[in-house]
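Student: Could you walk me through this model and tell me what the labels on it rest on?

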Amino acid sequence: MSAGRDLDWLLPPDVERLRTLERWCLVLLELIRGRTAEIERRDRVTEAARTGPTVTPLTEWQLEHLIGKGSSMLIHTADCRLASGRTRPNTREDALDALRQPQVEACSICPAARELGVTEP
């Protein structure tokens, strides 16, 4: 390695601790993305309030059908970046009704559960 680029001292030498760090980084990335989406949403609302009245869209939520998890589904906010192309728009009432089903969960990244007023058991 070239001078100034030797970072071996920064990382643990064994796979188990490296995997732990990797998981922690993924969890942290999910938290950062969720917070970023929350701030972007807040900024859009602030900007819309500043520029004048707007019509509230009927589609505020997305229902995503997951692949490889049986018939599981996720509820996302309309602007969640993790929602795939396998979504369909939903109103708030439809999203709340869907969350009452055992195979439907709120996205753990976007603030869907909090915005819908649903708390984890």
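**Labels and what backs them**

Tutor: The protein's secondary structure comes to 3 helices and 4 strands. Helices (H or I, at least four residues) and strands (E, at least two) are DSSP runs, numbered from the N terminus. This is a predicted model: local features need pLDDT of at least 70, side-chain atom pairs count only at pLDDT 80 or more, and totals for chains, interfaces and linings use all residues. Residues are numbered from 1 along each chain as its sequence is written, and side-chain values use heavy atoms, with hydrogens and water left out.

Student: In what order do the elements run from the N terminus on?

Tutor: They go α-β-β-β-α-β-α.

Student: Why does Trp-9 count as exposed?

Tutor: Buried means under 20% relative accessible area, exposed over 50%, partly exposed in between (1.4 Å probe, protein chains only). Trp-9 has 66% relative accessibility, so it counts as exposed. You'll find Trp-9 in the segment before α1 (15-51).

Student: And what makes the nonpolar surface patch of about 620 Å²?

Tutor: Leu-7, Trp-9, Leu-10, Leu-11, Leu-18 and Leu-21 make it. Like charges are joined within 9 Å, nonpolar side chains (Val, Leu, Ile, Met, Phe, Trp, Tyr) within 5 Å. The accessible areas come from the Shrake-Rupley method with a 1.4 Å probe; for residues, only the protein chains shown count as cover.

Student: How do you know that β2 and β4 pair?

Tutor: Two strands pair if DSSP finds at least two bridges between them. Strand β2 (residues 73-77) and β4 have 3 bridges, in the parallel sense, so they pass that test. Ile-75 has Ala-106 in β4 as its bridge partner, and Leu-74 stands opposite Glu-105 in β4. β1 and β2 pair in the antiparallel sense over 5 bridges, with Gln-62 opposite His-76 in β2.

Student: What makes the sheet open, and which strands are its edges?

Tutor: Its 4 strands form an open sheet in the order β3-β1-β2-β4, with mixed pairing. The edge strands β3 (87-90) and β4 (104-106) each pair on one side only.

Student: Why is β2 called mostly covered?

Tutor: Of its 5 residues, 5 are buried. Met-73, Ile-75 and Thr-77 point one way from β2, Leu-74 and His-76 the other way, and all are buried.

Terms used: Patch = residues over 30% accessible without salt bridge, like charges linked within 9 Å, V, L, I, M, F, W, Y side chains within 5 Å. Salt bridge = Lys/Arg side-chain N within 4 Å of Asp/Glu carboxyl O.
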